[in-house]
Amino acid sequence: MGRLDTILQFLTHPTELRAVINYKIWRDVRDITKPEEFPTTFYDRPTMRRCWELLDLTSRSFAVVIKDVEGDLARTICIFYVILRALDTIEDDMTLPNSVKLPMLRSLHLKLHEPGWNFDGSGPNEKDRQVLVEFDVVQAEFALLDPKYQVVIEDIARKMGRGMADFAALATPQTPVAEVNSIDDYDLYCHYVAGLVGEGLSGLFASSGKEREFLADQLTLSNSMGLLLQKTNIFRDIKEDVDEGRGFWPRAIWGAHGFASMKELVDPEREKDALFAASEMVLDALRHATDALDYMTLLKCQSVFNFVAIPAVMAMATLERCFMNPEIFRRNVKIRRGEAVKLIMRSVNPRDVSYIFRDYARNIHRKVHKEDPNLLKLSIACAKIEQWTEHHYPSFLSISAGSGGGGIQTQIDQYTSDARAPLYAQMYKDAQEKASRERREAYIADLRKRGILKAEKTDEAGEKKEVAQLNTPGDNELKMWHVVAMIVAVLVAMVGLGALIVWVILTYFND
Amino acid sequence: MPGSESYLVVGGCGFLGRHIVEQLLARGETQVSVFDIVQRHFDSNVTFYIGDIAKPEDVTNALKKSNATAVIHTASPAHGGKPEIYELVNVTGTRNIIDCCLDLGVKKLVYTSSAGVIYDGAMDIVSVDERLPYPTKPLDAYNRTKAEAEKMVLDANSEELATCALRPAGIFGPGDRQMINGFYQVIQNNQTRFQIGDNLNVYDFTYVGNVAYAHLLAVDKLDQRYPYMSFREPIASIDMSLGAHRVPTSDAHPLGPNASPSEADRLAAQRFASGQFEEADQRPVLRNRMDQFGPQANLEDDEEGYPIAGQAFFITNGEPIYFWDFARAIWSQFGHTPPYIIAIPVAIGLILATLAEAFSKLTGKEPGFTRFRVAIATQQKYHDIEKARRLLGYEPQVGLADGLKKWTEWYKGELEKQRGTETEKTK
């Protein structure tokens, strides 16, 4: 992106400029190269250092969020990611014959236990081929990981390799990358290449102890996270993929809009139908949005949450940016850097993330073309996100950090038109009264136990009186007397002082 | 459980009542009777009792002769009538039904209330559940009398007579002329290009067949209780219109292009196809303090369970959508797409509606464009149906998209018939 473009973007979106500046100044990005981080990042070890460099080399967006995960989890995820990139590079490589490719995909997980194994046969255009060229470095670091992490990573690498091989086997000389036919196949393909990443990450989070153990078993939700991200990428990359002679949009979608091949999608003549096919791709991706929100509500570690939430909101932003946007058939459409930074700053809790989801859903809904054959379904899909948000995080409640004590305060927006607000206010009041009643009862029980209050006294009125005498009002009265006495004393002293001065003047200066 | 009960459908010739009768017959019930003021349908296996719900003797007659053990009371006057009629049918009529049920020892009474009972026209109804109290100022005489009747029905719940009230929202489907005609007229008047508000207001519309189905469930389950431990079990998301596609996992996924599946692969494919989920894969149900079932979800399993009788339930399609999209989806079924869209701000819409109302007062015509309609078209009105889904086991059977098609197809047929009779007349 040119510098002029950037300046123009900030001029037209001033809040994003502010976000970028704020981000630069305030956001503490973890610097994995610092000596004090060495105990968990092992940046001082040459092999690990190379793994970090490979991560930077292979991933633009993920490198930053991975490094920000706390403790040793960042390093674990880094190695996991680089291994997956190796699989991806083999799968993507159109210069490799299937006789080489398939066995390699199916056996890469075994290479994790084979020191010194490298592969330099990738096509020259494979941008991440270096990962395979230096796989021995990755292997060395994998071997140093805690076995509990090794198990998870190897298991996922095995499953992913097998799945990728199943799909790669469909290739023919005419179509070197087989088309995806049905929605079920599309889901399955996305499960192999991305859903499994979600499963693996949940497994790593749980094993690290930073997240609860049950997260590792939440397979459906973990896959949904992965599918939302993967489907967004497949949808966005249509131009790039078609140019390279492949494409992962399922035939079930583009075929239904009258296209005979995916190449026809980028034909400017047929833009309108292509856009409706694209809109159906978005509709399909949105199926996973509320599952993704569900997943995020299960997380409790802040840095893990950020790691999961940032790519998810980026996906929603990308879906929105590319929805009904004919540019996707001409070039790779990306969200603005400023917008991305703004999202990173906001994606800190499930409540705010769900509002971001809702806002993008509304924007998508706003852009639905009135002739879109999926108008009704898109409306249902967007409203579903809206309802999820309002159910879990009613928007008439505003949450702010409390002053002083640092507690969190919930307030009900008094201008809301939401019919639930009075009900919630009443419930809140009832809960508070109940709590104070319980406190009082506990206090009385305590007094009884200590014998200050006679236990046999069951007459409630009498008891109350007694408590009242013992309780704070008595103290307050005492304090009141102190204050009154002090005021009187000060008054007396001042009057006395005045009298003294008068007496002195009268006595000594009375000539 | 066909055959165990003798049903009397009050208002069984009405729009919803008819669907209930049909569903009862479809599941093989042999004792089905209808009580209504006029007879519109003639079935050989349904006994028909004609009468006025406001007259106790008519109600007694129908209940006695039909030997009803379960009464489904759907009778309600059409919108746009006089307040006295509402009072007579909704309040007096419902009172008669309750009293009669008690006198004759009827065991079950299901009442068709309306989601409008909690709507005051001013506040937005945003994913509300049944905890919301009746508004202090009801929307209109219709909803006031509906609420009054609902209260009477729920108060009558006792050992002798188990009652509950269903609150459907925005019923549509074959048999409805009122709502579809309203939408159809907009095409006729060439006004589809006008949109009031920003179309961000989410709305519930419910297919009539789903509402009828909920009534059957309610009768069946009225004497049951919902176990407390079930409040901790997740319920699936509603994907009727979007298409339910199970997300594949490494535990459960189809074989796909796998040419040489292992035993484990086959098992995974079996699990995927069966729709069964691993216990551990069930998503945890997170409930906060404000959740409607928060307290119940914490109760011990061995307690008696949550009663189904004596409760009100919202019934919707579970697929709320943006209001104007529903209108446009209907129009597109009639082959019409607005040429372009002019969005009118709500305030201006209200001013125009006021003027239109004043104008029609002068000319004596019924106003088509009213402040009430502006409010309907610009407010949020969607509900949380977790209670019905859990307690009644209710799941929408027909999705919004399919229901809409059935509705418009039926209406097109009606229009055809109408045209047919008109040409015959001119002959």
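Biologist: Where do the ends of residues 298-345 of chain B sit, and how much of that span is helix or strand?

Modeller: Keep in mind that this is a predicted model. Over residues 298-345 of chain B, the end C-alpha atoms are 46 Å apart, with 23% helix and 23% strand. UniProt, in an unreviewed entry, lists that stretch together with residues 8-225 of chain B under "domain: 3-beta hydroxysteroid dehydrogenase/isomerase". For residues 8-225 the end C-alpha atoms lie 24 Å apart, and the span is 39% helix and 20% strand.

Biologist: Let's pick a residue, then. Is B:Trp331 buried or exposed?

Modeller: Buried means under 20% relative accessible area. B:Trp331 is at 2%, so it counts as buried. This tryptophan lies in helix H9 (residues 323-333) of chain B.

Biologist: Which residues does B:Trp331 touch, leaving out those up to four places away in sequence?

Modeller: B:Phe183, B:Val186, B:Ile187, B:Thr192, B:His336 and B:Pro338. As for C-alpha distances, B:Trp331 and B:Thr408 are 77 residues apart along the chain, yet 9.2 Å separates their C-alpha atoms.

Biologist: Now the interface. How much area do chain A and chain B bury between them?

Modeller: The size of an interface is often given as the accessible area lost when the parts come together. Here chain A and chain B bury about 5,100 Å², 62% of it on carbon and sulfur atoms. In residues, 59 of chain A are in contact with 62 of chain B.

Biologist: What about polar pairs across the interface of chain A and chain B?

Modeller: The rule finds 24 residue pairs in polar contact there. H20(A) gives the largest share of the side of chain A that touches chain B, 14 residues. That side divides into 24 nonpolar, 14 polar and 21 charged residues.

Biologist: And how many salt bridges cross the interface of chain A and chain B?

Modeller: Four. One joins the side chains of A:Asp291 and B:Arg283, at 2.8 Å from N to O. Over all chains, the count comes to 65.

Biologist: Which parts of chain A does the pair A:Asp128 and A:Arg85 tie together?

Modeller: The side chains of A:Asp128 and A:Arg85 meet in a salt bridge of 2.8 Å, N to O. A:Asp128 lies in the loop between helix H7 (98-111) and helix H8 (129-133) and A:Arg85 in helix H6 (residues 73-92), so the pair ties together parts that are 43 residues apart in sequence. A:Asp128 is buried at 5% relative accessibility, and A:Arg85 is buried at 15%.

How values were computed: Residues are numbered from 1 along each chain as its sequence is written. Chains are lettered from A and ligands numbered from 1 in the order in which they are written. This is a predicted model: local features need pLDDT of at least 70, side-chain atom pairs count only at pLDDT 80 or more; totals for chains, interfaces and linings use all residues. Side-chain values use heavy atoms; hydrogens and water are left out. Contact means heavy atoms within 4.5 Å. Buried area is the accessible area (1.4 Å probe) that two parts lose on being put together, summed over both. A polar contact is a pair of N or O atoms within 3.5 Å; within protein, one must be able to donate a hydrogen and the other to accept it, and residues adjacent in sequence count only if both atoms are side-chain atoms. Helices (H or I, at least four residues) and strands (E, at least two) are DSSP runs, numbered from the N terminus. Ala, Val, Leu, Ile, Met, Phe, Trp, Tyr, Cys and Pro count as nonpolar, Asp, Glu, Lys and Arg as charged, and the others, Gly among them, as polar. Buried means under 20% relative accessible area, exposed over 50%, partly exposed in between (1.4 Å probe, protein chains only). UniProt positions are given in the numbering used here, feature names are shortened, and annotations may be inferred rather than shown by experiment.
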